[in-house]
Amino acid sequence: MNDGTGSREPTSPGRRRFLISTALSGAAPMMGRIGPAEAAETGAPPAVTPGAMPTMAISLTVNGRTHRLDLDPRKTLLDGLREEIGLTGVKKGCDHGQCGACTVLIDGRRELSCLTLAAAAEGREVVTVEGLAAADGTLHPMQQAFIDHDALQCGYCTPGQILSAIGCVQEGHAETADDIREYMSGNICRCAAYPNIVAAVADARARMEG
Amino acid sequence: MSYERPADLARALALRAEGGRVVLAGGTDLLAATRARELRGPVLDVTGVAEMQGVTLSAEGLRLGGAASWTAVARAPLPPACAGLQAAARVVGSTQIQNRGTVAGNLVNASPAADSVPPLLTLDAEVELVSLRGTRRLALGAFLLGPRRTALAADELLVAVHVPAAALAGQGAFEKLGARAHLVISIGMAAARLVVAGGRVVSAALAVGACSPVAQRLGAVEAALVGRPLAELGEALDPAAAAAALSPIDDVRADAGYRRAVAPELLRRALLACAPAPETAL
Ligand SMILES: Cc1cc2nc3c(=O)[nH]c(=O)nc-3n(C[C@H](O)[C@H](O)[C@H](O)COP(=O)(O)OP(=O)(O)OC[C@H]3O[C@@H](n4cnc5c(N)ncnc54)[C@H](O)[C@@H]3O)c2cc1C
Ligand code: FES
Ligand code: FES
């Protein structure tokens with residue numbers, strides 16, 4: 001699968017940081033998560049948008065933990081998760097619903113956090129890739145299958161692929177390779193790791209149902 | 001408050017009547033196009049309104065709640081006449097889009113390429129528009145006025161889509177043409193619903209989308225099919241008459257000439273997909 005293009009690409013500090021964060025968020029619960037209180041202490045200027053609305057207090061349940069946030073009501077769940085809660089496993093690929101990188105589970109269904117307002121997720125259970133591993137660090141069968149089948153190259157699409165794949169299996173849409181290809185079509189992989197992704201999903205389905 | 005998600009219709013209509021609020025359902029058109037930050041005003045999220053939930057069949061026909069998602073439509077046990085609508089539900093965007101996106105949002109957004117419109121036209125669908133002033137029902141064709149234009153008044157909500165029981169007869173089908181198999185906006189699409197008796201066509205409903213400013217029924221082409229034997233169905237559809245009824249445009253997805261050529265073929269496939277199996281074996 002590795003065609004070597006990755007090694008020809010200059011690795012900028014930004015890209016390096018991003019690769020590390022993807023690997024971490026994909027494999028282990030985030031350590032030292034920045035909560036809203038700590039974020040305020042860092043002195044980072046609040047994001048002021050022209051024409052910003054008065055903020056609104058909401059509470060979001062993410063990976064079983066409740067976060068109280070004060071948000072622009074127009075903030076997307078994607079930006080809320082990344083910027084306010086510090087869960088950067090959820091990726092912003094296109095911000096337009098077209099790539100699936102921002103997929104999260106909301107009340108067990110796969111949805112796009114870039115097309116969901118954070119306020120609209122109040123009172124629901126949101127799960128991101130950081131919430132999949134067991135407390136002792138044992139990976140979710142889907143995470144393990146992605147590793148076992150080498151179902152990624154750059155890894156940017158991976159958290160979204162994994163959450164979408166869990167939804168796909170739970171819907172009963174992962175019975176055949178054709179089903180998996182069809183029902184995973186909302187998750188684009190720019191590295192085209194598709195054959196290995198299909199193999200990983202099929203394998204994880206067996207482990208999840210077995 | 002700048003974001004409201006009322007639980008009942010009375011509250012939702014009162015908020016709507018205050019004016020200035022952006023109505024939000026699944027957000028898959030609104031937030032994809034607008035960028036959330038640029039939403040013009042405070043938000044009225046209708047997805048929690050009890051009276052707008054569900055996909056239900058009764059003696060009167062089929063009711064799609066104004067907050068019903070594409071997934072709810074795809075999964076509901078519906079009669080064969082709705083097979084086209086359900087096929088459309090399964091090809092809108094991706095599963096993630098279908099889980100949030102609603103049929104009502106698709107209608108109010110009024111894109112010429114909205115996938116719900118051709119199948120709902122073949123089902124003689126009506127929209128139920130409600131405001132504090134009262135309730136009115138419009139035929140879908142009268143609701144859709146043009147690209148991105150509908151008859152929805154500033155204080156109204158689309159509370160439900162109704163299919164009359166009489167239109168639940170026969171078999172429906174849907175054919176979508178895109179540049180790839182999934183996650184694609186239609187270049188063109190066709191829906192058909194066919195009622196057959198004694199090996200002949202009793203009635204046919206045909207509609208084409210993305211090939212005119214608003215998707216449309218093809219009345220003249222439908223009339224020419226009535227009484228024809230099923231065995232001749234493929235030839236009975238006149239491609240020239242179908243193309244003549246359309247007014248496609250050139251856009252980024254395809255040019256008008258291509259659309260005029262493919263639309264009759266999409267119709268023919270949808271029609272054949274409606275016919276009982278033995279007669280249509282090619
Ligand atoms: C990646 C992607 C792929 C897509 N693919 C397709 C496709 O294949 N086919 C297709 O047809 N569409 C497609 N769409 C468009 C979109 O998903 C659908 O049109 C969807 O049905 C819109 O529903 P929604 O609930 O998300 O609407 P929203 O975005 O919430 O609302 C759309 C409009 O309707 C208004 N509105 C919503 N509900 C009501 C109501 N009950 N009463 C009054 N006004 C209301 C809103 O104010 C807004 O103007 C795609 C979108 C994306 C982002
Ligand atoms: S970032 Fe949400 S779908 Fe691409
Ligand atoms: S692994 Fe690079 S985008 Fe999928």
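In chain B, the C-alpha centres of domain 1 and domain 2 lie 36 Å apart, the domain bounds coming from an automatic or database domain assignment. This is a predicted model, in which local features need pLDDT of at least 70 and side-chain atom pairs count only at pLDDT 80 or more, while totals for chains, interfaces and linings use all residues. Residues are numbered from 1 along each chain as its sequence is written, and chains are lettered from A and ligands numbered from 1 in the order in which they are written.

**View 1. The two assigned domains of chain B.** The assignment for chain B gives domain 1 as residues 1–45 and domain 2 as residues 173–277.

**View 2. The surroundings of ligand 1.** Ligand 1 is surrounded by 30 residues, a residue being near the ligand if its C-beta atom, placed from the backbone, lies within 6 Å of it. The closest are A:G97, B:G26, B:G93, B:G105 and B:N106. Because the surrounding residues come from chains A and B, the site is shared between chains. In chain B, the elements that give two or more residues to this shell are β2 (22–24), α2 (30–34), α5 (95–100), α6 (103–109) and β10 (157–164), where helices (H or I, at least four residues) and strands (E, at least two) are DSSP runs, numbered from the N terminus. Of the elements, α6(B) gives the most, with five residues. By class, the shell holds 15 nonpolar, 12 polar and three charged residues; Ala, Val, Leu, Ile, Met, Phe, Trp, Tyr, Cys and Pro count as nonpolar, Asp, Glu, Lys and Arg as charged, and the others, Gly among them, as polar.

**View 3. Where chain A meets chain B.** Here 26 residues of chain A are in contact with 21 residues of chain B, contact meaning that the C-beta atoms of two residues, placed from the backbone, lie within 7 Å. On the side of chain A that touches chain B, β4 (109–112) and α7 (177–183) of chain A each supply at least two residues, and β4(A) gives the most, with four residues. The residues of this side of chain A divide into 10 nonpolar, 10 polar and six charged.

**View 4. The two domains of chain A.** Chain A, with eight helices and five strands, is divided into domain 1 (54–131) and domain 2 (134–209). The C-alpha centres of these domains of chain A lie 21 Å apart, and 14 residues of domain 1 are in contact with 13 residues of domain 2. On the side of domain 1 that touches domain 2, the elements of chain A that give two or more residues are β3 (103–106) and β4, with β3(A) giving the most, three residues. This side of domain 1 of chain A has, by class, seven nonpolar, four polar and three charged residues.

**View 5. Two loop residues of chain B with positive phi.** Most residues other than glycine have a negative phi. B:R148, in the loop between β8 (144–146) and β9 (149–150) of chain B, has a positive phi near 60 degrees. B:A210, in the loop between β13 (200–209) and β14 (216–217) of chain B, has a positive phi near 65 degrees. B:R148 counts as exposed because it has 12 C-beta neighbours inside 10 Å, whereas B:A210 is buried, with 30 other C-beta atoms within 10 Å. For these terms, with C-beta atoms placed from the backbone, a residue is buried if 20 or more other C-beta atoms lie within 10 Å of its own, exposed if 12 or fewer, and partly exposed in between.
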